[in-house]
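These are notes for a colleague going over the model. The points are numbered so that each can be checked on its own.

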Amino acid sequence: MTITPKNLYMVLLDAFGHQHWWPIDRKYHQRQHSDPRFEIIIGAILTQNTAWTNVEKVLENLKKQNTFTIHTMTHVEEKNLKTMIQPSGFFNQKGQRLKFFASYLEKKYNGDLQMFFSRDTSEIRHELLSLSGIGPETADSILLYAGNHPIFVVDAYTRRICHRFPFHVASDSYDDIQQFFENELSSTLPEKELIPTYKEFHALLVELAKQYCGKKKPSCSTCPLNRLCEKLL
Ligand code: SF4
């Protein structure tokens, strides 16, 4: 079997099933009439350099303290915020980033995420990348999962997968890897399937890493990709 991004996706989907990303507490937002997209933004910033299980603890703290909206995040005392987000590590830095991002949205977009996301993908991406502490992976996670924009998220696992399969990626850079997956998938999938596929694909790669490839000692013998993988570890 020649391995392409599309059939890699199919194998992963078959092995792990739908991941239903991004994980958000919809019931909470229905009760509170809050915007779930801000939870995704918070999660995308907090998950930098830490495991998702740590982020989950912070999200619970923020919920308990009603600091889950752009407005409350803008006005929360920095000291309280840092205590709440301590489990995610780098809490000084992340606290400043969250507060800065929330107050930026409040001032520039009146706290209206619909207004923020209702623009051209490249324009929003450019703006996100200009903000403190928002790199390409965080910006693209926000665009794809919160903004529903068609953009492929690249992380360390995507990069590793590119080394394991005979993909013709121009270089190891974030942009080249992203371009490769987007070109391959957009040439083989109908346009309406792109956003759901980008969402699912990234989540499946994270699951592959969690269960097999991202461990200190990868579990190649039981990995669903082991007959396709070029460089077993
Ligand atoms: S077979 Fe091994 S190296 Fe290849 S994807 Fe699976 S765990 Fe990673």
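1. Which residues of helix 9 are buried? They are Thr-121, Ile-124, Arg-125, Glu-127 and Leu-128, where buried means under 20% relative accessible area, exposed means over 50%, and partly exposed means in between, with a 1.4 Å probe and protein chains only. These residues cover an arc of only 165° around the axis, which puts them on the same side of helix 9; the arc is that of the directions from the helix axis to the C-beta atoms. They pack against helix 7, helix 8 (113-117), helix 10 and helix 12. Contact here and below means heavy atoms within 4.5 Å. Helices are DSSP runs (H or I, at least four residues), numbered from the N terminus.

2. On the basis of the values: this is a predicted model, in which local features need pLDDT of at least 70 and side-chain atom pairs count only at pLDDT 80 or more, while totals for chains, interfaces and linings use all residues. Residues are numbered from 1 along each chain as its sequence is written, and side-chain values use heavy atoms, with hydrogens and water left out.

3. Ile-124 belongs to helix 9 (residues 121-129). With a relative accessibility of 0%, Ile-124 counts as buried. Not counting residues up to four places away in sequence, Ile-124 touches Phe-116, Phe-117, Arg-119, Leu-143 and His-149. Between the C-alpha atoms of Ile-124 and Leu-228 there are 37 Å, for a separation of 104 residues along the chain.

4. Helix 6 (residues 78-85) has Leu-81, Lys-82, Met-84 and Ile-85 as its buried residues. Seen down the axis of helix 6, they fall within an arc of 160°, so they line one face of the helix. Lys-79 and Thr-83, on the other side of helix 6, are exposed. The cover over the buried residues of helix 6 includes helix 3 (36-46), helix 4 (52-64), helix 5 (70-75) and helix 7 (91-109).

5. How do helix 3 and helix 7 pack, and at what angle? Their axes are 10 Å apart and the angle is about 150°; axes are lines fitted to C-alpha atoms, for helices over the stretch in contact, and angles run from 0 to 180 degrees between N-to-C directions. Helix 3 and helix 7 are therefore roughly antiparallel to each other, given that angles under 35 degrees count as roughly parallel, over 145 as roughly antiparallel, 65 to 115 as roughly perpendicular and the rest as oblique. On the helix 3 side the contact is made by Phe-38, Ile-41, Ile-42, Ile-45 and Leu-46, and on the helix 7 side by Lys-94, Arg-97, Leu-98, Phe-101, Ala-102 and Leu-105. By class, this contact has nine nonpolar, no polar and two charged residues. Ala, Val, Leu, Ile, Met, Phe, Trp, Tyr, Cys and Pro count as nonpolar, Asp, Glu, Lys and Arg as charged, and the others, Gly among them, as polar.

6. Helix 11 and helix 12 (residues 174-188) cross at roughly 70°, and their axes come within 11 Å. That makes helix 11 roughly perpendicular to helix 12. From helix 11, Thr-158, Arg-159 and Cys-162 meet Tyr-174, Ile-177 and Phe-181 of helix 12. The class count for this contact is four nonpolar, one polar and one charged.

7. Most residues other than glycine have a negative phi, and most peptide bonds are trans. The peptide bond from Trp-21 to Trp-22 is cis, with omega near 0°, and Trp-22 lies in the loop between helix 1 (5-16) and helix 2 (26-32). Asn-66, in the loop between helix 4 and helix 5, has a positive phi near 50° and is partly exposed at a relative accessible area of 45%. Asn-148 has a positive phi of about 60°; Asn-148 sits in the loop between helix 10 (136-146) and helix 11 (156-164) and is partly exposed, with a relative accessible area of 45%.

8. Gly-214 is in the segment after helix 13 (191-213) and is partly exposed, at 32% relative accessible area. Leaving aside neighbours within four places in sequence, Gly-214 is in contact with Tyr-157, Arg-160, Leu-208 and Ala-209.

Note on methods: Helix = DSSP H or I, 4+ residues; strand = E, 2+ residues; numbered from the N terminus.
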